[in-house]
Amino acid sequence: DGDRRGATAVAQRLLSRPAHALGCAGEVVLVGAGPGDPELLTLKALRALQDADVILHDRLVSNGVLEFARRDAVKICVGKSSGRASTPQDSINAALIAHARQGKRVVRLKGGDPFVFGRGGEELEALAHAGVRASVIPGITAALGAAAYAGIPLTHRSHAHGVTFVTAHDGGAEPDWRTLALPGHTVVFYMGLARIEHIAASLIAHGAPPARPAALIAQGTAPTQRVITATLRTIAAESARVGPISPALLLVGDVVSLQSKLDWLHNGAGAALSASA
Ligand code: SAH
């Protein structure tokens, strides 16, 4: 309205406020990338990817998902893979905080879901501690994606009234084998490929029948998905015969016996997923 002095005063007041008070401070979004098939991303994840200035992603995130990012976005792989060097968690946290403090929109892109064996909790804690704005977008965790594409319902009124996701990583403590061996229940082991023999033997030692069905699903939901079905007694030998294909999940429970009937991807009903067939 021609009030130059008033306008100058307003501008100076705005300039003297810290960036975050103006809402232009950076932020970090922890995004679940799903298990592999890029079409399993949520719409929210897609939007966050298209908005991101910087993307720090795991090795498990598929190229198809990364292609949704802006061409000019900076993509940094902070991948972890068993046996190989990875970026230490503290450096990942520090990088997230540093990029956000530069005013960037940062996406921390994780395979599957950020809160399922994804250290999302630790990263969110570090961001809160640093006063960085953060949010979480869930993703389809590997167990859900791989079981669906393999045709193994994780619960079923006649076979399983519950499902447990457990990590079999050798760094952690031993799980409660007696509970995991109970009937009428499905157990999905993440990070268990290297310990498959130990897992099967422990379940049997704690009361599971050796004939209980078990499946190994490797590269779930990707066009290269492999499903090996066997029993607790034979699954280690069967998977050794194929050789290590990672990432892979071990599923144990009577629901695995439905796979041959419900394998929609290979039984003809999978036409809609021609890329994966
Ligand atoms: N946050 C991830 C899990 C990370 S832990 C999620 O929610 O899915 C990594 C483990 O996940 C792997 O060792 C493997 O057991 C499993 N995994 C991840 N992607 C997979 C896939 N596409 N197929 C089979 N297993 C997968």
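**A loop and the ligand**

Author: Q219 is found in the loop between β8 (213-218) and β9 (226-231), where strands (E, at least two residues) and helices (H or I, at least four) are DSSP runs numbered from the N terminus. This is a predicted model, in which local features need pLDDT of at least 70 and side-chain atom pairs count only at pLDDT 80 or more, while totals for chains, interfaces and linings use all residues. Residues are numbered from 1 along each chain as its sequence is written, and side-chain values use heavy atoms, with hydrogens and water left out.

Most residues other than glycine have a negative phi. Q219, although not a glycine, has a positive phi of about 50°, and T221, which lies in the loop between β8 and β9, has a positive phi near 70°. Q219 is partly exposed at 24% relative accessible area, whereas T221 is buried at 1%; buried means under 20%, exposed over 50% and partly exposed in between, with a 1.4 Å probe and protein chains only.

As for the ligand, G220 is among the residues that come nearest, of the 17 around it, a residue being near if one of its heavy atoms lies within 4 Å. A ligand nitrogen atom is 2.7 Å from a polar backbone atom of V116, and a ligand oxygen atom is 2.8 Å from one of A142, where a polar contact between ligand and protein is a pair of N or O atoms within 3.5 Å.

Notes
A polar contact is a pair of N or O atoms within 3.5 Å; within protein, one must be able to donate a hydrogen and the other to accept it, and residues adjacent in sequence count only if both atoms are side-chain atoms.
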